[in-house]
Amino acid sequence: MALGFAGAFGGVIPFFVVLCLGLIGLFVGWIAEGGFDLKASRDAYRAGTHRSRSR
C-alpha cells in the first residue's frame, strides 16, 4: 500500500526509495527472527549449480 501511495503521489524516485527501504526491512526482519540462514542459502545455491552442470 505504501508503494502505491508513493508511486501515485510522489513519482518514480519516491517509489523506488520506499521499495528499497521495504526490502531492507524485510531482510533485517528475517535475520532478526532467525528465518534467514545465509550459510544454508549459499549451500543450496552451490548444490543447485553443481547439479545443473552435471547434465
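This is a predicted model: local features need pLDDT of at least 70, side-chain atom pairs count only at pLDDT 80 or more; totals for chains, interfaces and linings use all residues.
The salt bridge joins Asp43 to Arg42, and their closest N and O atoms are 3.8 Å apart. That pair counts because the cut-off for a side-chain nitrogen and a carboxyl oxygen is 4 Å. In general, side chains of opposite charge can pair when their charged atoms come close. How covered are the two partners? Asp43 has a relative accessible area of 38%, so Asp43 is partly exposed. Arg42 is at 40% and therefore counts as partly exposed too.

Now the overall layout. The chain has three helices and zero strands, and along the sequence the pattern reads α-α-α. What share of the 55 residues counts as buried? The figure is 4%. The accessible surface of the chain is about 4800 Å², and carbon and sulfur atoms account for 69% of that area.

Helix 1 runs over residues 2-10, and Ala2 belongs to it. Ala2 has a relative accessible area of 49%, which makes Ala2 partly exposed; the exposed class begins over 50%. Along the sequence, Ala2 and Val18 are 16 residues apart, while in space their C-alpha atoms are 7.4 Å apart.

Next is helix 2, residues 12-33, which includes Val28. Does the helix length agree or disagree with its residue count? Helix 2 has 22 residues, and at 1.5 Å a residue these should span 32 Å. The sum uses one less than the number of residues. Just after helix 2 comes Gly34, with a positive phi of about 80°.

On to the aromatic side chains. The structure holds three aromatic pairs. Phe15 and Phe16 make one of them: the ring centres are 5.4 Å apart and the planes meet at 80°, so this pair is edge-to-face. The reasoning needs one cut-off, since planes over 60 degrees apart count as edge-to-face. Phe15 is partly exposed, at a relative accessible area of 28%. Phe16 is also partly exposed, at 45%.

Another edge-to-face pair is Phe27 with Trp30, at 5.6 Å centre to centre and 75° between the planes. Where do these two residues sit? Both Phe27 and Trp30 are in helix 2, three residues apart, which is about one turn of the helix. Phe27 has 39% relative accessibility and so counts as partly exposed. For Trp30 the value is 39%, and Trp30 likewise counts as partly exposed.

Last, the surface. Which residues make the nonpolar patch? They are Val12, Ile13, Phe16, Val17, Leu21, Ile24 and Val28, and the patch covers about 710 Å². Two of these have already come up. Phe16, at 45% relative accessible area, is partly exposed. Val28 is at 51%, so Val28 counts as exposed, the line for that class being over 50%.

Key: Residues are numbered from 1 along each chain as its sequence is written. Side-chain values use heavy atoms; hydrogens and water are left out. Patches are made of residues with over 30% relative accessible area and no salt bridge: like charges are joined within 9 Å, nonpolar side chains (Val, Leu, Ile, Met, Phe, Trp, Tyr) within 5 Å. Accessible areas come from the Shrake-Rupley method with a 1.4 Å probe; for residues, only the protein chains shown count as cover. Helices (H or I, at least four residues) and strands (E, at least two) are DSSP runs, numbered from the N terminus. Buried means under 20% relative accessible area, exposed over 50%, partly exposed in between (1.4 Å probe, protein chains only). Rings of Phe, Tyr and Trp (its six-membered ring) pair if their centres lie within 6.5 Å; planes under 30 degrees apart count as stacked, over 60 as edge-to-face and the rest as tilted.
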